[in-house]
Amino acid sequence: MTERTDDAPAAQGLGRRPAREGLQAPAAGRLGLRLPASVAGRLWELRSLSLVGVLVLLAIAGVVTSGGNFLSVSNVLNILVSSSIIGVVTVGMTFVIIGGGIDLSVGGLVALASVWATTLSSQQYGAWAMVVCALLVGMGAGLVNGLLIAYGRLVPFIVTLAMMVASRGLAEAMSGKKTQLVTVQSINNIATTNVFGIPLLVIIFAAVVLVGWIVLNRTTFGRRTFAVGGNTEAARLAGIDVRRHTALLYVLSGLCCGIAAIMIISLTTTGSSTHGDLYELDAIAAVIIGGTLLTGGKGTLVGSILGALVFTTVTNIFVLNNLASEVQNIAKGLIIVAAVLLQRRGTT
Amino acid sequence: MNALLTVTGLVKSFPGVRAVDGANLDVQEGEVHCLLGQNGAGKSTLIKVLSGAHKPDAGEISWRGSPVSFASPLAALRAGLATIYQELDLVDGLTVAENIFLGHEHSALGFSRRRAAAEAATALLSRLGHGEISPTRLVGSMSAAGKQIVSLARALSHNARLIVMDEPSAVLDSGEVDNLFRVIAQLTAQGVAIIYISHRLDEIRVVGDRVTVLKDGKTVASGLPAKSTPTADLVRLMTGRDTEYAFPARPAGQHTGRELLTVRDISRPGEFTGVSFTVHAGEIVGLAGLVGSGRSEIVETVYGARKPAAGQILVDGRRLRPGSVPAAVRAGMGLCPEERKSQGLLLYEAVYRNVSVSSLARYSRGGFVARSRELADVAKAIGDLDVRPSDPRRAVRTLSGGNQQKVVLARWLLRDCRLLILDEPTRGVDVGARGELYRLIRELAGSGVGVLLVSSEIPEVLGLADRVLVVRAGRLLHDGPAAQLTETAVLDMVMEGAAA
């Protein structure tokens with residue numbers, strides 16, 4: 001990942017979430033020991049290493065069961081394309097969960113944004129109007145979530161559960177439960193465009209992850225997210241506007257849903273109230289097996305993304321081997337439990 | 001009297017620390033044995049080993065004459081050794097009786113026998129002199145003092161022979177402490193022994209029989225008579241210093257600093273009424289009052305964490321937006337809250353992130369955190385306060401109580417805060433670190449910061465503050481120079497409300 005040049009020296013010395021565990025970064029702190037402490041911090045950061053390990057194991061399983069097919073460039077890109085849409089949603093979800101909340105409405109928001117952006121009246125204004133429409137719908141619904149949670153003092157679980165149901169309902173009402181075909185060619189082309197051999201969807205995914213990583217780890221917004229999620233009362237008494245920040249987190253999640261909606265519209269050349277089905281579960285599962293605390297205050301974006309990749313890879317292997325989707329779901333459930341167990345052993 | 005518990009040469013290490021390094025302790029039936037020591041002296045680790053929460057690396061524990069090694073807190077409890085921690089482990093949503101018998105309920109075929117449990121609970125509470133507590137009352141609706149009684153009853157329900165109490169008085173006001181001492185007296189009369197841990201030497205005088213002093217994980221003195229050992233000796237054993245409270249000298253003469261904070265007639269129904277006072281630059285104003293007198297509510301309202309129903313708060317003569325912490329912080333206020341862990345610290349995070357959390361805007365370059373500058377400034381701030389260890393990247397939860405308090409102070413130092421509100425700044429801070437905090441607070445005032453100090457320890461308010469406000473039942477009773485007040489006079493006002 002590229003660093004801003006002026007931040008690079010500090011980043012070198014520090015590690016991203018340094019010294020999170022005191023035992024890993026001993027007090028010494030003098031120059032001689034600074035490097036090891038930071039390396040320990042880095043390693044700790046790569047606690048998601050266990051997930052890399054899981055990915056490697058999966059890759060071996062893929063090669064063993066389907067030989068060259070699995071490792072072919074086209075299949076690897078295929079995995080990345082399949083991860084891209086849920087991956088973008090997972091970025092927003094990671095922010096919300098680290099900030100101490102939960103967003104169950106992401107699937108519904110993807111559906112609503114996809115339908116709203118593909119209505120005939122939206123399509124007639126062209127591609128950019130559709131993009132802006134999807135983003136605004138996502139952010140607007142996210143803002144409603146955020147305002148109800150932060151200023152209406154309602155529980156995130158309940159607010160976003162209501163939004164999950166209502167947004168999909170609204171999507172069904174708008175589309176009359178019909179699949180809306182997209183006739184704007186430039187939108188449909190997004191999914192078929194390759195840049196230097198890499199699908200544009202994967203590039204969008206990578207860009208969202210990169211921006212998300214920078215915001216979470218390098219900006220004051222990211223710092224405040226950790227503070228608000230880790231100890232809301234302390235953050236409030238430290239002078240952080242906790243309510244505004246909380247509301248913004250849900251807007252951010254909604255924005256990610258808007259981006260994901262554009263991607264799914266392009267990939268399927270349709271808008272539909274059935275898009276994004278069960279995305280909330282996949283995204284939350286990815287965040288959790290990525291090592292983020294469900295209670296907030298602690299977590300990494302890299303872990304979440306690896307979590308999403310693990311899921312897609314499992315699906316891919318099962319599809320290559322013509323196994324039924326029931327078996328996939330059982331395997332996914334086992335992976336969630338195994339990953340969390342592994343991490344707990346790593347922390348205590 | 002017979003030896004109930006004998007500990008010899010106990011050692012317990014954690015990676016990087018020898019928390020207990022040769023501790024000895026002997027407790028006899030029916031005595032109150034006080035455990036003294038600074039924070040980090042190993043008291044907590046010692047009692048965790050005793051209660052079965054940690055396994056010792058070396059040493060012997062003998063319980064009622066035979067060597068034991070408790071595998072878990074439950075095993076210790078079954079053997080008759082109960083521990084009551086500061087954070088009481090009761091379930092708020094259950095009743096008194098349900099809490100007392102949690103884990104060993106009265107039941108028949110899986111159905112709870114509620115009447116039998118209620119009767120047994122009342123019997124246990126009566127043994128503590130509190131038969132009036134209803135066994136069907138929800139624990140969540142009780143005060144900290146009431147919950148402590150329930151915890152004691154729970155210990156008795158396991159036929160405890162020894163009850164370890166970790167700073168039981170920290171959450172109590174002085175009337176409740178007296179009651180606790182009566183309860184302890186009843187227990188010891190029944191042959192139950194108590195290990196009593198407290199930072200307050202005056203309490204140990206009243207309640208204790210014998211004292212064991214720990215320093216750096218070692219027992220430095222044991223079996224001292226609690227009533228007659230001179231304070232100077234105890235303090236010297238704990239710290240190597242000679243006085244319990246070392247207050248820095250007040251600067252001579254009256255304060256000429258300009259008026260920084262003006263509070264005009266603020267009220268919140270049910271909490272406080274018509275409170276007015278001022279704080280000048282460079283002045284330490286102490287707010288004395290019992291728990292529940294409204295003192296914490298008053299400072300939280302000044303800080304914007306609560307919204308006043310009436311009245312005005314002005315900083316530099318400009319009216320502050322009511323009920324907004326960010327507005328108060330922008331105006332130059334800072335708060336070190338009463339509950340350091342739950343209200344002050346970001347426990348998952350490193351020291352530097354805890355210090356800079358209120359100053360992020362200052363280190364923001366287009367939204368990005370300028371981290372080298374941030375780290376350099378934090379390192380300087382924690383260096384100025386002598387936080388130990390001085391590594392800004394250390395996890396904040398590995399620091400001792402006193403150092404954690406300094407981290408919260410450093411947060412406001414970094415912001416160049418002009419009005420510092422300190423709510424119980426020395427709670428859970430050991431004697432040695434207290435003196436240092438007092439000196440730091442005085443130095444801050446010397447540099448022109450106005451300080452509003454809340455404390456339930458009257459000597460602290462009198463010793464540190466320039467001017468003292470006394471609150472009782474939500475009203476300000478007194479406002480005058482600290483030098484003209486005595487501890488008894490303040491105590492009198494706090495308890496009786498006789499205006500001076």
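1. Helices (DSSP runs of H or I, at least four residues) and strands (runs of E, at least two) are numbered from the N terminus. Helix α9 of chain B is followed by Gly304(B), whose phi is positive, near 90 degrees.

2. The model is predicted: local features need pLDDT of at least 70, side-chain atom pairs count only at pLDDT 80 or more, and totals for chains, interfaces and linings use all residues. Residues are numbered from 1 along each chain as its sequence is written, while chains are lettered from A and ligands numbered from 1 in the order in which they are written.

3. Start with chain B as a whole. It has 17 helices and 24 strands. Its C-alpha trace spans about 70 × 50 × 50 Å along the principal axes. The radius of gyration, taken over C-alpha atoms, can be set against a globule rule of 2.2 Å times the number of residues to the power 0.38. For 500 residues a compact globule would come near 23 Å, and chain B, at 24 Å, agrees.

4. Next, burial. A residue is buried if 20 or more other C-beta atoms lie within 10 Å of its own, exposed if 12 or fewer, and partly exposed in between; the C-beta atoms are placed from the backbone. Of the 500 residues of chain B, 49% count as buried.

5. Back to α9(B), residues 295-302. Seven of its eight residues are buried, so the helix is largely enclosed by the rest of the structure. Among them are Arg295(B), Glu300(B) and Val302(B).

6. Thr45(B) lies in helix α1 (residues 43-50) of chain B. Is Thr45(B) buried or exposed? It is buried, with 25 other C-beta atoms within 10 Å. Thr45(B) and Leu162(B) are 117 residues apart in sequence; C-alpha to C-alpha, they are 17 Å apart in space.

7. In chain A, look at helix α6, residues 106-117. Its 12 residues reach 16 Å from first C-alpha to last, close to the 16 Å expected at 1.5 Å a residue. That expected span is 1.5 Å times one less than the number of residues. α6(A) is mostly covered: 12 of its 12 residues are buried. Trp116(A) is one of the buried residues.

8. Helices α8 (residues 127-150) and α14 (residues 242-268) of chain A pack at about 150 degrees, their axes 7 Å apart. Angles over 145 degrees count as roughly antiparallel, and α8(A) and α14(A) are therefore roughly antiparallel to each other. By class, their contact has 20 nonpolar, eight polar and one charged residues.

How values were computed: Axes are lines fitted to C-alpha atoms, for helices over the stretch in contact, and angles run from 0 to 180 degrees between N-to-C directions. Angles under 35 degrees count as roughly parallel, over 145 as roughly antiparallel, 65 to 115 as roughly perpendicular and the rest as oblique. Ala, Val, Leu, Ile, Met, Phe, Trp, Tyr, Cys and Pro count as nonpolar, Asp, Glu, Lys and Arg as charged, and the others, Gly among them, as polar.
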